[in-house]
Amino acid sequence: MRIATYNVNSITARLPRLLAWLESSGTDVLCIQETKCTAEQFPAEALREAGYESAVNATGRWNGVALLSRVGLADVVTGLPGGPEYDGVQEPRAISATCGPLRLWSVYVPNGREVEHEHYAYKLRWLEALRKAVAADAAASLPFAVLGDFNVAPTDEDVWDPALFEGATHVTPAERDALAALEAEGLSEVHPRPLKYDRAYTFWDYRELRFPKNKGMRIDLTFGNAPFTAAVKDSYVDREERKGKGASDHAPVVVDLDL
């Protein structure tokens with residue numbers, strides 16, 4: 001079974017590439033982030049024609065998450081139970097479902113903007129709410145994983161130049177402590193291998209030729225419980241999908257399971 005997580009940076013802008021990638025990669029379940037569309041605008045029919053059911057949590061603007069599955073989609077939970085609000089609303093940043101033999105969450109963690117910004121405090125509250133929300137699934141006997149764009153680089157090795165990130169979001173001790181607290185609920189990170197170079201970056205900014213220079217970050221992550229990680233056969237960053245015209249600024253992260 002093949003699952004993946006992918007920040008598409010607008011599903012409508014990326015739809016032809018996404019459909020081609022789904023076919024060529026043979027992905028069974030895909031966790032999507034940053035749909036940048038409303039639920040009504042989400043291309044469910046085109047994906048259905050490609051063989052995928054969809055579960056969507058999207059209201060437009062800069063957020064939005066989804067799950068695509070060709071192995072079943074049941075017990076969908078839209079949103080983050082107990083999650084904090086920002087500007088008076090709970091943003092569409094989480095969705096979970098049972099997909100065939102396993103349960104998955106697709107999450108898009110708030111960016112944080114700047115350490116002094118309210119959005120950073122909101123990010124930490126959101127991560128704490130996520131920890132509490134996934135605890136039951138993490139402890140269950142069903143293989144379970146939470147995947148997505150966490151907007152946190154777990155270690156200094158996960159950014160191309162740690163010195164440039166000093167004092168900035170994505171690398172602060174509090175953010176990394178939040179990931180450690182998530183793992184303490186019985187989850188372990190699945191580390192992907194790079195297809196090129198020695199570091200498995202998943203995001204490269206469009207500016208300053210950062211992709212061809214491999215000036216990236218690893219912020220798209222997978223955390224699974226023991227039944228999930230025991231089934232992992234391989235994981236890799238599909239760097240090839242970041243290439244070319246019309247690509248997202250993220251690459252898909254693929255996990256192969258013996259399920």
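This is a predicted model: local features need pLDDT of at least 70, side-chain atom pairs count only at pLDDT 80 or more; totals for chains, interfaces and linings use all residues.
**View 1. Strand β7 (residues 102–108) is largely enclosed by the rest of the structure.** Seven of its seven residues are buried (under 20% relative accessible area, with exposed over 50% and partly exposed in between; 1.4 Å probe, protein chains only). Leu102, Leu104, Ser106 and Tyr108 sit on one side, with Arg103, Trp105 and Val107 on the other. Strands here are DSSP E runs of at least two residues, helices are H or I runs of at least four, and both are numbered from the N terminus.

View 2. Strand β6 (residues 94–99) runs antiparallel to β7, with six bridges joining them; strands pair if DSSP finds at least two bridges between them. Isoleucine 95 stands opposite serine 106. Two residues separate β6 and β7 in their hairpin, and glycine 100 in the turn has a positive phi of about 60°. β8 (residues 144–149) pairs with β7 in the parallel sense, again over six bridges.

**View 3. Six strands make an open, mixed sheet.** The order is β5-β6-β7-β8-β10-β9. β5 (74–78) and β9 (188–189) are at the edges with a single partner strand each, so one side of each has no neighbour in the sheet. On the β5 side, three bridges join β5 to antiparallel β6, and threonine 78 stands opposite isoleucine 95.

**View 4. Aspartate 137 and arginine 103 form a salt bridge.** The closest N and O atoms are 3.4 Å apart; the cut-off is a Lys or Arg side-chain nitrogen within 4 Å of an Asp or Glu carboxyl oxygen. Aspartate 137 lies in helix α3 and arginine 103 in strand β7, so the pair ties together parts 34 residues apart in sequence. Both residues are buried.

**View 5. Arginine 218 meets aspartate 158 in a salt bridge and glutamate 189 in another.** The N to O distance is 2.8 Å for aspartate 158 and 2.5 Å for glutamate 189. Arginine 218 is buried, with a relative accessible area of 5%, and glutamate 189 also counts as buried at 13%.

Key. Residues are numbered from 1 along each chain as its sequence is written. Side-chain values use heavy atoms; hydrogens and water are left out.
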